[in-house]
Amino acid sequence: MLEWLIANKVPLGLWIKRFVDFINEHAAGASEALSQGLAYLINGLIALLEWFNPLVLVVLIAALAYWLHRSVKLVVFIVLSLLLIINLGYWEATLETLALVICATIVSMLIGIPLGIAAAHRPWLFTILRPILDLMQTIPTFVYLIPTLILFGLGVVPGLISTVIFAIPAPIRLTHLGITSVPKALIEAGEAFGATKRQLLWKVELPYAMPTIMEGVTLVGANGLGKPVVRALNTVNIAQGFEAGLAIVIIAIVLDRVCKRPGAVPK
């Protein structure tokens, strides 16, 4: 039985390869257009961030953090952390990572929130989506890089798409959770006042679910600071690996603190 099972392997990998080859052969124009559009968006954002003097950008980020959270401790932490990144020589790589994070977050939310709303109103859709979302979150991100590199070539686009695939389940799940958690009494009150389904969505469901939905703003990086880490691994460069890794941790903590709901950060 075991020998038969091993000898009759399900050609899952071959099916995936044929699917990617089919897309690459019949949708090359669409892939190229999408790749150029996303690359233009990311490179434009990187150019905008690099246009600022690093110290000016540090001040702007610190000012944004204080405006959102009114926390002097957070501002001091952000300023010192970003100055350390500049000192280590990873400022440009950090800006590239930041641009990828921002673009991946925007794309994930633009796709994830409408899908989450649709799934909340159609249980059968969420039943179909749930195993797909589980698969997207459990498969390592680098696995997606192989087909995306074939379809979109080298550059920032494969990293962005792989990051979006990994990150998008969060806004879908949390939007679904937020909408389905709206108390039935609120829905009934809106219906009693003659609200349409669209009015219920925009004036009752979304406002109530917004804190949960905002938790789905998943910020995940790709490329950027990952390049020196990979280079350090290949050359067994302990110093470079530690410094690049520290820069990744710093930018992740800064983004997490800045993007929390106002009032969620200690003063």
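Guide: Two residues are in contact when heavy atoms of theirs lie within 4.5 Å. By that rule Ile42 touches Ala99, Leu100, Cys103, Val156 and Leu160, leaving aside residues up to four places away in sequence.

Visitor: How do you know what to trust here?

Guide: This is a predicted model, in which local features need pLDDT of at least 70 and side-chain atom pairs count only at pLDDT 80 or more, while totals for chains, interfaces and linings use all residues. Residues are numbered from 1 along each chain as its sequence is written, and side-chain values use heavy atoms, with hydrogens and water left out.

Visitor: What makes up the secondary structure of the protein?

Guide: The protein has 14 helices and 0 strands.

Visitor: Why is Thr105 called buried?

Guide: Buried means under 20% relative accessible area, exposed over 50%, and partly exposed in between, with a 1.4 Å probe and protein chains only. Thr105 has 9%, so it is buried. Its place is in helix α6.

Visitor: And what makes Leu110 exposed?

Guide: Leu110 also sits in helix α6. Its relative accessible area is 61%, so it counts as exposed.

Visitor: Why is Arg70 called partly exposed?

Guide: Its relative accessible area is 45%, so Arg70 falls in the middle class. Arg70 lies in the loop between α4 and α5. Its phi is near 50°, a positive value in a residue other than glycine. Most residues other than glycine have a negative phi.

Visitor: What does the side chain of Thr105 reach?

Guide: It reaches the backbone oxygen of Val101, at 2.7 Å. A polar contact is a pair of N or O atoms within 3.5 Å; within protein, one must be able to donate a hydrogen and the other to accept it, and residues adjacent in sequence count only if both atoms are side-chain atoms.

Visitor: Where does Ser81 lie, and is it buried or exposed?

Guide: Ser81 lies in helix α5. At 7% relative accessible area, Ser81 is buried. A polar atom of its side chain lies 2.7 Å from the backbone oxygen of Phe77. Ser81 also touches Ile250 and Val254, again leaving aside residues up to four places away in sequence.

Visitor: What makes a group of residues a nonpolar core?

Guide: The members are buried Ala, Val, Leu, Ile, Met, Phe, Trp, Tyr and Cys residues, joined through side-chain atoms within 4.5 Å. The largest core here has 36 residues. Among those touching the most other members are Ile42, Trp91 and Leu160. Helices that each supply at least two residues include α3, α5 and α14. The largest share, 8 residues, comes from α6. Apart from this core lies another, of 10 residues, among them Tyr144 and Ile168.

Visitor: Why are α9 and α10 called roughly parallel?

Guide: Axes are lines fitted to C-alpha atoms, for helices over the stretch in contact, and angles run from 0 to 180 degrees between N-to-C directions. Under 35 degrees counts as roughly parallel, over 145 as roughly antiparallel, 65 to 115 as roughly perpendicular, and the rest as oblique. The axes of α9 and α10 come within 5 Å and cross at roughly 30°. The two helices are therefore roughly parallel.

Conventions
Helix = DSSP H or I, 4+ residues; strand = E, 2+ residues; numbered from the N terminus.
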